[in-house]
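Open the model in your viewer and keep the selection tool ready. Each stop below gives a selection and what to find there.

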Amino acid sequence: MGGNSPCASCKLLRRRCAKDCIFAPYFPSDDPHKFAIVHKELPIHQRADAVSSLVYEANARVRDPVYGCVGAISYLQNQVSQLQMQLAVAQAEILCIQMQNEPVVMPTPQMDDPDDARSSSSSFLHPNNLPQYLNFASSSNVIHDSLKRESIFGDIIS
């Protein structure tokens with residue numbers, strides 16, 4: 001404390017403020033509202049969560065003095081995005097495999113003119129030509145390679 005007035009914490013709790021009071025630097029006597037928010041306005045059932053949050057944030061700041069918790073949160077958000085992309089690729093591959101394994105039934109157009117049946121659009125839609133247009137599952141290796149990244153600790157994560 002050092003001054004003649006107790007810190008906001010000791011004043012609110014009505015106790016003697018020692019010279020080496022650990023709360024004095026954080027809850028000065030000229031800003032009593034600061035401690036009141038922490039002490040009185042936070043419901044009792046949320047106080048343990050608030051302390052856990054402070055401990056987590058302090059540990060994160062020790063590990064990463066520049067970014068602290070924000071670095072950890074950003075890392076986890078990137079990980080979620082990467083996993084969502086991997087899930088989308090896997091779902092697309094499953095759909096491709098299912099489409100390749102199921103027989104494709106295309107209605108045969110009924111045309112009066114036999115020359116129209118040999119047009120290029122009907123050969124494009126022929127069931128035997130569809131697999132070459134639907135077979136893109138092998139291109140997922142490019143996506144999988146792009147999912148490799150560096151963690152915040154400098155190691156490669158795949």
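This is a predicted model: local features need pLDDT of at least 70, side-chain atom pairs count only at pLDDT 80 or more; totals for chains, interfaces and linings use all residues.

Residues are numbered from 1 along each chain as its sequence is written, and side-chain values use heavy atoms, with hydrogens and water left out.

**Confidence.** Colour by pLDDT, the predictor's confidence in each residue, from 0 to 100. The protein averages 76, and 63% of the residues score at least 70. Select helix 4: confidence is highest there, at a mean of 94. Now select helix 8 (residues 140-146), where confidence is lowest, at a mean of 45. Helices are DSSP runs (H or I, at least four residues), numbered from the N terminus. Next, take residues 129-151: pLDDT stays under 50, and the model has 32 contacts beyond four places in sequence for them. Contact means heavy atoms within 4.5 Å.

**Aromatic rings.** Select Phe 23, Phe 27 and Phe 35, which form one aromatic cluster. Rings of Phe, Tyr and Trp (its six-membered ring) pair if their centres lie within 6.5 Å; planes under 30 degrees apart are stacked, over 60 edge-to-face, the rest tilted. Three aromatic pairs turn up in the whole structure.

**The loop.** Select Val 66, in the loop between helix 3 (44-63) and helix 4 (69-101). Is Val 66 buried or exposed? Val 66 counts as exposed because its relative accessibility is 62%. Buried means under 20% relative accessible area, exposed over 50%, partly exposed in between (1.4 Å probe, protein chains only).

Definitions and conventions: Helices (H or I, at least four residues) and strands (E, at least two) are DSSP runs, numbered from the N terminus.
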